Amino acid sequence: MASLFKSAGERRAQSRERRHAAEHGSFLEYAGYRWLKIAVFISVFFLTVYLLVDVEPRHNGGSWLGYTLGTIGAGLIVWLALLGIRKRRANPGNWSVKAWTSAHVYLGLSLVVIGTLHTGFQLGWNVHTLAWALMVLVIASGIYGISVYSMLPEKLSENRREMTREQMVESLSAIDRQLEAAALPLAREDTDMVIAALEHDVFKEGLWQRLTGRRGRAPTRRALEHISTKRAYADDADDAAQQKVRTLLGRRSAQLDQIRKHMRYKALLEIWLYVHVPLTIALLAALAAHILSVFYYW
Amino acid sequence: MADKVRVAIVGSGPAGLSAAARAAELGMSHVLLEKTDHLSDTIYKYQKGKHVMATPSNLVLRSPLDFDAGKREVILDTWDQQMADQKVTVRLNAEVAAIEGETGNFTLNLKSGDTIAAEAVVLAIGTQGNPNVLRVPGADLPHIQYQLDDPTEYVDEHITVIGSGDAGIENALGLAADKMQGNVVTILNRGAEFARAKSANVKLLEEAEADGRISVRRDTTPAEVRPGEMVLDTRDGQETIPCDRIIARTGSQPPRAFVEAAGIDFTSEDRGAFPQLSPSFETTKNGIHVIGALAGYPLIKHCMNQGYDAIEFLNGNLDLKPADEPILAAKFNALPGRKSVEEWLETFRSQVVILQELSPLQMRELMLDSDVHAFGPGDVVFTRNDSGSSMFAIAEGSVAVEVNPDDTDFTVPIEQGSIFGEVGLISGRRRGATVRAAEPTVVMELSRQAALKLLATSPSANRAVNRISVERQLLQLFGSGLNPADVADLVDQSEVVNVRAGETVINEGADDKDIFIVRRGSMIVEKDLGGHPVFLSYLPAGSYFGEMAVIDGSKRTASVKAAIKSEVIRLPGDAFNALLDAKPELREKAMGDMAGRREINDFVESRKASFGGAVDMYSQTAQFLVDNGLGEATDVLLIDEKLCVGCDNCEKACADSHDGLSRLDREAGKTYAHLHVPTSCRHCEHPHCMADCPPNAIKRGPDGEVFIDDTCIGCGNCQRNCPYGVIRMDARPPKKPGLLSWLLFGAGPGPGEANYSWRKKKAEAEGKETPKVAIKCDMCSGVTGGPACVRACPTGAAIRVSPEKFLSVARLEDID
Ligand SMILES: Cc1cc2nc3c(=O)[nH]c(=O)nc-3n(C[C@H](O)[C@H](O)[C@H](O)COP(=O)(O)OP(=O)(O)OC[C@H]3O[C@@H](n4cnc5c(N)ncnc54)[C@H](O)[C@@H]3O)c2cc1C
Ligand code: HEM
Ligand code: SF4
Ligand code: SF4
């Protein structure tokens with residue numbers, strides 16, 4: 001009743017409070033680990049029931065317990081998949097993707113228990129087990145996901161050093177423009193090395209190089225080594241020009257390093273979703289097939 | 001010298017053009033004098049293709065010339081055409097250097113040496129002013145120019161750019177951009193750093209220097225200009241360089257000096273003041289009239305109407321009602337009693353103390369930016385904790401202020417003729433009390449802009465508001481047991497002090513005994529622990545400090561310095577002590593506050609011993625946040641980079657809930673200890689962006705958000721004024737296909753801001769022309785659930801904070 005008597009101002013102050021009340025913390029800790037507790041409770045509860053009740057002739061998907069677990073499991077899978085839509089719909093309302101993700105992770109993990117108990121450990125080479133296996137794979141990729149989510153952001157941030165991706169690219173092209181001009185006075189052989197370095201495009205390096213962060217052919221480093229070892233101590237008139245090219249190559253190499261690391265962390269943070277999501281779709285298909293076939297043969 | 005004209009109109013902006021065209025229409029002898037070689041230089045200099053807007057839309061246009069929203073080119077062509085058709089006498093390249101004589105017999109001296117005789121003068125020169133000219137021998141040589149329209153025009157020249165601001169750097173970069181032009185470009189900087197320019201420009205310049213495309217001469221000033229060469233003063237003596245062209249970009253002088261030289265008085269010394277005007281736009285110098293932006297009306301429609309009106313008045317049509325009459329009439333409609341617009345204006349002017357000095361014209365202008373309301377007894381005017389920065393003035397009736405939230409029966413009256421709500425205006429903070437009408441009451445609500453303009457132009461209003469605000473702030477701070485008589489002494493001895501950002505108000509260890517109230521801005525309290533300044537707390541406007549030394553006579557236990565440019569009220573300690581002696585309850589309250597602060601002191605000191613690193617970290621983080629605008633913010637988006645996975649879902653959600661454009665740039669911005677302040681609005685207490693918005697389109701909304709309404713004309717002033725670079729200028733993109741059709745069929749660009757080419761193509765296909773307007777965060781005001789950016793963040797990295805909460809010692813426990 002009391003709220004009826006609140007003035008517009010007080011209500012507004014309250015809603016403001018709520019905006020800031022979205023407390024500062026990771027999705028894993030959301031609301032004091034609420035979803036972790038719920039998930040643990042559900043898992044323990046069904047495990048106990050599974051162990052305590054005696055189903056004839058043995059535990060399987062077709063018993064009353066099996067049906068219960070199956071219905072809950074299928075419902076959960078569909079709901080878990082809906083995160084993909086929730087994340088992309090910015091409509092008004094008292095929801096947050098953080099709360100959804102928190103529930104997603106913990107309830108998703110509890111599926112290991114629910115789904116597996118549902119099978120009654122009757123696994124074989126059939127569409128039913130296919131659905132189970134896909135589920136396990138999706139969950140496994142999810143576990144990989146939360147592990148990179150908790151380890152990599154810090155590194156991504158440190159490597160960025162307040163630069164945006166565009167600024168990194170711009171800085172590289174600024175160095176390149178200077179290199180182009182600085183390399184002109186060098187001997188033919190050196191200029192060729194520099195040009196080879198300039199022609200190499202980091203953004204065209206393959207996926208494997210991107211994920212491992214390995215440098216591949218690294219023509220910049222080669223040019224740097226070439227020019228510094230062969231001519232570093234020659235005290236001819238060209239030395240000033242070489243000095244400049246050397247500095248620039250050094251800066252280019254450092255800049256490339258930063259860009260490679262940035263792309264590597266970003267790729268590691270994203271790549272698993274390219275497994276998690278397609279497998280989810282496959283899982284939904286297999287789940288549908290599994291349910292249809294069960295009812296068909298019934 | 002030609003024959004004397006009835007009126008000489010100076011400046012061919014929309015105001016001058018309209019005046020000249022009306023004079024031609026009436027057959028009045030006239031001449032329009034324009035400095036440049038084209039009409040309407042301000043609009044001429046808009047970006048090519050800019051969509052010019054015709055706000056306010058409810059104002060009728062009164063001019064022989066047409067004007068409607070549209071492309072800059074179309075508008076300028078129309079005017080050129082109509083000016084020719086209507087046989088208006090125009091003299092281009094005719095800069096007026098001085099105006100002499102008296103009404104009926106003025107002489108206008110042109111820069112070329114010619115003179116023009118006129119009976120009356122209409123000044124419509126806008127506010128652009130004149131570029132600063134070089135003051136060295138040879139400064140009158142023809143190869144010096146003060147503007148660069150097209151950098152590709154010049155080839156194979158030695159060009160020297162003078163000036164180290166953005167304009168100079170951009171010109172130099174433009175001239176050196178294409179090697180094929182073969183220009184040798186030099187830029188001179190008086191100092192060693194390019195402190196006045198944007199860092200992006202400085203970077204580009206340094207790069208061009210490293211490439212050898214531009215020669216940058218630091219610590220160098222021009223000494224003499226000669227044909228084909230130039231002498232420089234460098235640190236190592238004089239040096240002569242070849243030079244075929246000089247481009248001087250050393251800022252510009254506002255036109256005030258020129259106007260004052262003609263004998264015209266301004267309303268005050270303030271930088272924002274305008275010339276004093278009569279209702280017929282006549283200045284204090286009889287016979288000279290001022291209209292347009294120079295008179296304080298920057299919108300094109302107002303300018304054109306005033307041009308027409310000024311000529312009508314000169315022609316003897318003194319009954320002419322201003323074009324904004326219907327707008328005012330509509331405002332006054334809501335009030336009881338059938339009074340005419342003039343009668344109402346006079347009622348407000350004569351009843352409200354702070355308005356009594358205003359002229360009828362100023363009254364009109366003020367009223368256009370204000371609102372009027374009528375309240376019955378008991379009606380709420382505003383509620384405690386509402387956000388609002390407007391100020392109210394009582395024309396009829398009185399109001400009651402509920403100063404104590406727990407006891408609504410206890411009220412303090414404010415009488416007819418006085419003002420209230422000034423605290424929000426001055427401190428930028430929320431309303432401190434609920435105010436109700438005590439009887440049938442008529443009030444005027446002055447928008448923040450209108451109120452600030454009033455204070456800037458009327459010194460007596462400024463003094464009156466100052467005194468009232470100090471008194472009320474004291475009463476509010478020290479509780480309901482006091483009345484104005486109790487604090488009268490203190491108010492008399494108080495002094496408002498301006499403090500620069502970073503300036504210290506109280507020094508730890510000193511034994512001065514004053515007490516201070518933060519009136520505007522904010523302070524940070526620091527304590528020296530083993531040589532390290534340790535951040536103790538953050539004091540927003542409305543708090544007081546310095547009471548410990550006054551109450552117990554001790555030395556200052558901590559330093560207090562301004563987080564941003566601030567104003568504090570200094571109260572002498574003795575007078576405060578006398579008040580405490582007279583009011584024991586007050587002493588008790590003050591002791592209570594003091595004990596709380598002691599506790600914080602002790603807490604930090606105890607932590608320091610157990611884990612020093614955390615205290616340092618906390619101090620440095622606090623300092624970092626203050627440096628990045630938290631000190632003047634009300635609500636900021638922060639990203640915890642220990643959690644952010646870089647998915648940019650915050651940006652996508654922002655775009656999808658706001659016309660398809662994101663108002664935040666997550667990656668950009670500064671970071672300290674993994675706490676990142678992205679480029680996104682801080683919703684400042686005193687928003688810089690509001691300062692210079694011609695249609696006053698930037699407002700503060702009910703949730704405290706600073707937002708831009710749809711009267712924005714896209715001039716870009718706010719973008720330049722925001723120190724945090726959070727405003728972008730862009731056209732609202734066309735609608736995207738829905739989420740499901742994207743998910744299922746891949747239709748459209750998907751969630752988030754569509755890329756530029758998609759937006760452009762789609763807009764072209766729809767054949768709609770959408771103007772570029774200013775776009776910024778509105779804190780998702782009014783949206784259930786609050787800001788979309790925070791709700792959309794999957795990991796909890798994005799948070800919105802207010803400085804008081806976030807800069808509290810409570811955070812010390814979070815760290816480590
Ligand atoms: C980027 C930008 C966008 C804008 N967009 C809009 C919009 O969309 N809609 C809108 O309503 N308003 C807009 N404005 C505001 C509007 O353009 C100006 O306020 C308006 O042009 C002022 O008109 P004016 O006639 O008073 O003076 P101005 O237009 O400034 O004209 C003054 C003229 O006087 C000349 N002059 C100056 N000194 C002398 C002298 N001594 N002798 C002779 N001539 C002299 C100048 O060369 C100039 O031609 C915008 C402003 C800017 C900067
Ligand atoms: C069968 C079970 C699961 C299904 C069907 C499922 C499905 C999905 C889907 C559809 C998304 C949306 C991805 C996107 O659109 O970008 C998603 C995201 C995610 N899932 Fe799962 N998931 C399951 C289990 C899990 C588990 C067990 C974990 C963790 C242990 C997990 C962790 C995550 C995380 C961290 C995200 C990313 C959130 C984000 O960045 O927006 N998932 N999942
Ligand atoms: S609060 Fe709303 S408008 Fe502001 S940045 Fe977040 S999503 Fe955008
Ligand atoms: S736009 Fe800039 S100046 Fe305006 S409130 Fe936001 S941060 Fe402050």
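This is a guided tour of a predicted model, stop by stop, with what to select and what is found there.

**Stop 1: chain A and its two domains**

Start with chain A and colour it by domain. Domain 1 covers 27-157 + 274-297, and domain 2 covers 165-271. Taken over C-alpha atoms, the centres of domain 1 of chain A and domain 2 of chain A are separated by 47 Å.

Now select the contact between these two domains. Domain 1 of chain A brings eight residues to it, and domain 2 of chain A brings seven residues. Together the two domains of chain A bury about 770 Å², and carbon and sulfur atoms give 72% of that area. On the domain 1 side, pick out Leu152(A), Leu156(A) and Tyr274(A): these supply 61% of the area that domain 1 of chain A buries against domain 2 of chain A, more than any other three residues.

What kinds of polar link join the two domains of chain A? The count of salt bridges between them is zero, and the count of residue pairs in polar contact is one, with both residues at pLDDT 80 or more. Show the helices next. On the domain 1 side of this contact, α6 and α12 (273-296) of chain A are the elements that give two or more residues. The largest share, six residues, comes from α6(A). By class, that side of domain 1 of chain A has seven nonpolar, no polar and one charged residues.

**Stop 2: between chain A and chain B**

Show both chains and select the residues where they touch. Chain A gives 44 residues to the contact and chain B gives 56 residues. The chains bury about 4,200 Å² between them, with 51% of it on carbon and sulfur atoms.

Three salt bridges are found across the interface of chain A and chain B. One to display is the pair Arg177(A) and Glu207(B), whose closest N and O atoms are 2.3 Å apart. Across the interface of chain A and chain B there are also 19 residue pairs in polar contact, both residues at pLDDT 80 or more.

To see which parts of chain A face chain B, colour α1 (8-21), α5 (97-119), α6 (127-160), α7 (165-183) and α11 (239-271) of chain A; each supplies at least two residues of that side. The residues on the chain A side divide into twelve nonpolar, 16 polar and 16 charged.

**Stop 3: chain B by domain**

Keep domain 1 and domain 3 of chain B in view.

The area buried between domain 1 and domain 3 of chain B is about 830 Å², with 63% given by carbon and sulfur atoms. Select Thr267(B), Pro279(B) and Tyr297(B), which supply 47% of the area that domain 1 of chain B buries against domain 3 of chain B, more than any other three residues. Between domain 1 and domain 3 of chain B there are zero salt bridges.

**Stop 4: a salt bridge within chain B**

The structure holds 55 salt bridges over all chains. Display the one between the side chains of Arg364(B) and Glu325(B), at 2.8 Å from N to O. Arg364(B) lies in helix α10 (residues 360-368) of chain B and Glu325(B) in helix α8 (residues 325-332) of chain B, so this pair ties together parts that are 39 residues apart in sequence.

**Stop 5: ligand 1**

Centre the view on ligand 1. It is surrounded by 31 residues, the closest being Glu34(B), Thr42(B), Tyr46(B), Ala293(B) and Pro298(B).

- Met53(B): a backbone N or O atom lies 2.8 Å from an oxygen atom of ligand 1.
- Gly13(B): a polar backbone atom is 3.5 Å from an oxygen atom of ligand 1.
- Ile713(B): a backbone N or O atom lies 3.5 Å from an oxygen atom of ligand 1.

**Stop 6: ligand 3**

Finish at ligand 3. The residues around ligand 3 include Cys654(B), His658(B), Cys777(B), Cys780(B) and Cys789(B). By class, the shell around ligand 3 has eight nonpolar, one polar and two charged residues.

Conventions: Residues numbered from 1 in each chain as written. Chains lettered and ligands numbered in written order. Predicted model: local features only at pLDDT ≥ 70, side-chain atom pairs only at ≥ 80, totals over all residues. Heavy atoms only, no water. Near = heavy atom within 4 Å. Nonpolar A, V, L, I, M, F, W, Y, C, P; charged D, E, K, R; others polar. Buried area = accessible area lost by both parts, 1.4 Å probe. Salt bridge = Lys/Arg side-chain N within 4 Å of Asp/Glu carboxyl O. Contact = heavy atoms within 4.5 Å. Polar contact = N/O pair within 3.5 Å; in protein donor to acceptor, adjacent residues only side chain to side chain. Helix = DSSP H or I, 4+ residues; strand = E, 2+ residues; numbered from the N terminus. Domains from an automatic or database assignment.
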